[in-house]
Amino acid sequence: MNLARHSISSTAPVLIFDARFDPDCHIFTASTQAGFAVYRTWPLQLLRKRELTGGTLAAVVPLHTSSLLFLLGGGRSPRYPPNKIILWDDALGQEVAELEFRERVRGLTCRRGWLAVALRRRVVLFELGEVVKRYGEWDTCDNPRGLLAIATATHSTLLAIPGRQMGHVQLVHLPPCPPPELSSPPPPSLPTRPPPPPTKHPVSIIAAHTSALNTLSVPPSGHLLATTSMRGTLIRIWDSTTGKLVRELRRGTDKAEIYGVAFRPDEREVCVWSDKGTVHVFALAGGSGASNRQSTFSPLTPFIPLPKYFDSEWSYAQYRIPSQSSHISLSAPRPKPPTADVVDEEKCVVGWIRATSDDQEDPNRPALAEHQLIALTYTGGWYRLALPSSTATASTPMSVPSPVIPLSASPPSMRAMSAVRPRSSSGSSFLGRLDKGKERERERDSKDGRDCELREFRRYGRWDGWG
C-alpha cells in the first residue's frame, strides 16, 4: 500500500480592502479581491454577496440598512475610476447612478437622504431623492485622508468637516434627519418630537488641535465631537453646540496613528483603536459603571504646578488584537509577488452593539442586554468583546482563548517612579528590579480586570462556506 505524502500548510489569509459599519452597526460591508459582501453584525451572518470582475473596490459604504450602497474603486486594479462614486442598488443588482468629479475622491459619508463627499480641499454635499441634487460646497484645508463625519439620528443636523486652517473643525448644520421608514405598522408609542431650537447660535469653528487632524467622529445625535491629531496621543471630546472642550483622554505616550473613534449609542463611553493593535475604552459619564484611570499624582495638581500629563485620563479597559503572524504555521509562508496587495495586520474597525449577556448565573431569568464591541480586522477576523465592568463577576470561561500581551500605555505612578531609582551599581540587579516591577504592574492590571474579554471569535470575508 503506497501512501502519498501530503503537506500541511496554513490557510491563506483573507485580504480585506475595506470594512464599514452602517451608522447603527446593524450590518457591515466588506470589499475583497472577489467583490463585496454585506454581513449582519451580530449574530454574524452573510446576508448577500456580489462577485465582481474587472477590478477591485476601495470602499463600499452602506446607507443604513437599505439596499443602496456607494461604491468607490481602488487598489492596484480599480474597477471604477478613483474620481467616481457609483450608486449601487443591491436589490436590483446594478448601478443606478454615478457621480463624477475632477479629482480623486478622498472620503464619503451618508445619512438618510444625504451624501457628503470629501475631496482634497473641499467637501461637496448631495441631496438624495428621485434625482441626486447638489446641495452645497465648503472649502477645507488640505484633507488627504478625506475626513468628515455626519450625525445620523432622527432630527440630527450636524456635519463635521475640516476647517480652512490646519487643526480646525468646521461645523455645518443641515436640515433635520428624517425618521426611518417603517416597513411594519408603527408602534403604539408616540413618535419622538424634534428638539427645540438652540437659544444661542451654535459655533461654526472649533480650534481642536495645533497639528493636522487625523480623525473626526460624532455620535448619532451630533451633540458631541471627537477629534484626534497626527500625534495620536490625545482624544479630545467637544460640545458641538458651545464648542467647549468636554474631556481630554490620553491613549498613550508614544506616537501612534489612530484609525478611528466610536461613541457608544448612549454617549456614556467611547472606544479608540490605532496602529498599535489595541482598542481602548474610556468612560464619558458617571453612570456607565466604570471610571478612567489617572496618575497617583493627579490629586496633587491643585497644589503643585505639575505638567498637564499627570492630570490625564487613561482608558479603563483595553484589548490587543492578536496579529496573524503570531499564530503557529506548519509550513513556510508562500512568497508574494511584488504586485500583490498587502493589508496591514493591525488595521481594524470597531463598532458598538447591544448584545445579550453570556454570563448569567440563573438561566431561568430573562437575558440581560449590555453594550459590547465588535472589532473587524482587515485579515478577516471578527471579534466580539465584553467590557470588564460587566464581566468582573463572570464565571463562564471565554469561548476563544487569546494571548495575554501586556500593554505599555499606563498612567505614571509613584511606585513605578520609585522603582526606577537603582540602589546598586550593578546593571543586572537594576534590570531585574525593573522586570519585577513590570510583573507587579501586570498582576495589578489583571486583578483590576481592565482587559476586555473575548466572548466570540469568527472569520469573515470568504464566501466558500468557511467564512
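These legends describe close-up views of one predicted model. Residues are numbered from 1 along each chain as its sequence is written, and side-chain values use heavy atoms, with hydrogens and water left out. In this predicted model, local features need pLDDT of at least 70 and side-chain atom pairs count only at pLDDT 80 or more, while totals for chains, interfaces and linings use all residues.

**View 1. An open sheet has 4 strands.** The order is S21-S22-S23-S26, and the pairing is antiparallel. Strands are DSSP runs (E, at least two residues), numbered from the N terminus. Two strands pair if DSSP finds at least two bridges between them. Strands of a sheet pair through backbone hydrogen bonds, either parallel or antiparallel. Strand S21 (258-263) and strand S26 (317-320) stand at the edges. Each has a single partner strand, so one side of each is left without a neighbour in the sheet. On average, neighbouring strands of this sheet are turned by 15° against each other, direction ignored. The axes behind this angle are lines fitted to C-alpha atoms; in general, angles run from 0 to 180 degrees between N-to-C directions.

**View 2. Strands S22 and S23 run antiparallel.** S22 covers residues 269-274, and S23 covers residues 278-283. The two are joined by 5 bridges. Look for valine 270: opposite stands phenylalanine 282 in S23.

**View 3. Glutamate 269 and arginine 264 meet in a salt bridge.** A salt bridge is a side-chain nitrogen of Lys or Arg within 4 Å of a carboxyl oxygen of Asp or Glu. Here the N to O distance is 3.2 Å. Is glutamate 269 buried or exposed? Glutamate 269 is buried, because its relative accessible area is 0%. (Buried means under 20% relative accessible area, exposed over 50%, partly exposed in between, with a 1.4 Å probe and protein chains only.) Arginine 264 has 8% relative accessibility, so it also counts as buried. Glutamate 267 lies in the loop between S21 and S22. Its phi is near 65°, a positive value in a residue other than glycine. Glutamate 267 is buried too, at 18%.

View 4. The side chains of arginine 145 and glutamate 257 meet at 3.1 Å, N to O. Arginine 145 is partly exposed at 35%, and glutamate 257 is partly exposed at 29%.

**View 5. Aspartate 18 forms a salt bridge with arginine 20.** The closest N and O atoms are 3.0 Å apart. Aspartate 18 counts as buried at 8%, whereas arginine 20 counts as partly exposed at 27%. The structure holds 20 salt bridges. Elsewhere, Glu103, Arg122, Arg134 and Glu137 are linked in a network of salt bridges.

**View 6. Serine 211 lies in a loop between two strands.** These are strand S16 (205-207) and strand S17 (213-217). Which residues does serine 211 contact, leaving aside its neighbours within four places in sequence? They are Met166, Gly167, Ser229, Met230 and Arg231. Contact means heavy atoms within 4.5 Å. The C-alpha atoms of serine 211 and glutamine 165 are separated by 10.0 Å. Along the chain, these residues are 46 residues apart.

**View 7. The peptide bond from tryptophan 42 to proline 43 is cis.** Omega is near -10°. Proline 43 lies in the loop between strand S3 (35-40) and strand S4 (45-51).
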